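Here's a quick look at ring contacts, written for someone who likes the cut-offs spelled out.

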Amino acid sequence: MTQNTSDNRAAPDKARPVFDAAFCAEPKRRLILAAAVLASSMGFIDGTVVSIAMPAIRQTLGATLDQATWINNAYMVTLAALILVGGAFGDRFGLARVFSLGIGLFVLTSLICALAPNPDVLILARLAQGAGAAMMIPGSLAMISRAYPREVRGRAIGLWAAASAVTTAAGPIIGGLTLSLGGPEMWRWIFAINLPLGVIAYVMTRVGVATDTRQPGQPVDLPGAALAIAGLGALAWTLTHLEGAGTTPLTWIIGSIGVATLLAFIAQEHRSAHPMMPLALFRDRTFAAANAATFALYFGLSAILFFLPMLTVAGWNITEIEAAVAFAPLSIFISLFSTRFGRLSDRIGPGPVIAVGAATVAMGYAALALVVPLQNYWFAVVPAMTLTGFGMSMVVAPLSTAVMGAVADRQSGIASGVNNAISRIAGLIAVAAMGSLVGYAYVRAGGAFSYGETLANPDHVTAMGAAFATIAWVSSALAAFSALIAYMGIPPQRGS
């Protein structure tokens, strides 16, 4: 089944920047490419690096588990909600201008993060930092498209994509290395390093861009963006504060407001002539299935990446750089095998490849749940995460193939943006919902303190292990569900 391209709302003509010879002189194209890589890498890294630093952040700032989840989620709320309109802002107000503004906001808020005296300041700074990233990330690819003509653009985009994939997966490794160089307060340098990198990217952009003309574009869906931020924020807050029978009426009220706001967002996208998330795209079975599989997979992955370091660093006394080794297979296998599995999906269709990969991820998480009680990091946890990393390398490229193959060429930009946003929304909801679940499972297992709190208490460590095993089992079930969705919903042959 193919998308009906006659529906204008399903196929907006925006966010497709084309080569502009006046935008950048040929000798300065490399400056634009370097600035794009630097800026997007900062945005991607700051979405993953916090997980490995969270035990140190909690220790130095005295953050609760709820506050820890919001240090992560505040960034994801604004990034997930605004990334679809970030590119549209560039078209309307000047691509380099908005990109530079995003860098400036990101650098300023990174400084505030580095100096944060308490969890609340850090949460607010992360909220604004996500908005800066939402202007940088889509703007980086658009800048490359504007600076490079079609015949040489592919290689430039390939370099950008490779750098983005590696830096995203390498975020926890960078964080672990930084934290291992000093005491708990070293987590502040994870944010402080953005200052010189951001300044370099900003200067490169200003030097490299000759003419930043505004492109004629459709209106920006500001009501949709506002509703998305409010709805996702309220829903995440509610999921974070669920406490079973002890849940307060305020939590249910905010949750109801969040659901109502998200329903209003859907209504806005349905009636808007220029929606940020065209709902008509989801009429295509393959597109809907690929995004459902994406949500389930990245929900589980985000939960594991966020809560595993708390267990190993705070509970098992593993150093941060050692804890980061568990995430290395993600980066290594995606770099080594993603292209090969992408070619395989071209031959037999993405559905079977995604299904096998997601099933492998499910087995990795199940193994992780089974071995956690052993408290053996190197010979139990790392092998389980290696299996997970291999499985993820099978799904990354085929998922993109399924998404892009389900829409017309002129819809590829918005389709990719929607899939990107859904993966980030999955991460946001996962950390919020699993934060409540891990807290409940920890208490049920006999824990008397807080999951992720650094304490040399055997009962506390055992309860943390049991709570994390619950997270791993849920993640395994979601990965298996993703495999089923891919097998049943994505055709085995392209074009079938």
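There are twelve aromatic pairs in this structure, where a pair means rings of Phe, Tyr and Trp (its six-membered ring) with centres within 6.5 Å; planes under 30 degrees apart are called stacked, over 60 edge-to-face and the rest tilted. Bear in mind that this is a predicted model: local features need pLDDT of at least 70 and side-chain atom pairs count only at pLDDT 80 or more, while totals for chains, interfaces and linings use all residues. Residues are numbered from 1 along each chain as its sequence is written, and side-chain values use heavy atoms, leaving out hydrogens and water.

Two of the pairs go in a table:

| Pair | Centre to centre | Angle between planes | Type |
|---|---|---|---|
| Trp 187 and Phe 191 | 6.1 Å | 85° | edge-to-face |
| Tyr 377 and Trp 378 | 5.2 Å | 80° | edge-to-face |

Trp 187 and Phe 191 are about one helical turn apart, because they sit four residues apart in helix α6 (residues 187-192); helices here are DSSP runs of H or I, at least four residues, numbered from the N terminus. Both Trp 187 and Phe 191 are buried, meaning under 20% relative accessible area, with exposed being over 50% and partly exposed in between (1.4 Å probe, protein chains only).

As for the other pair, Tyr 377 is buried at 3% relative accessible area, whereas Trp 378 comes out partly exposed at 39%.

Ring pairs also tie Phe 333, Phe 337, Phe 341 and Phe 390 into a cluster.

Conventions
Helices (H or I, at least four residues) and strands (E, at least two) are DSSP runs, numbered from the N terminus.
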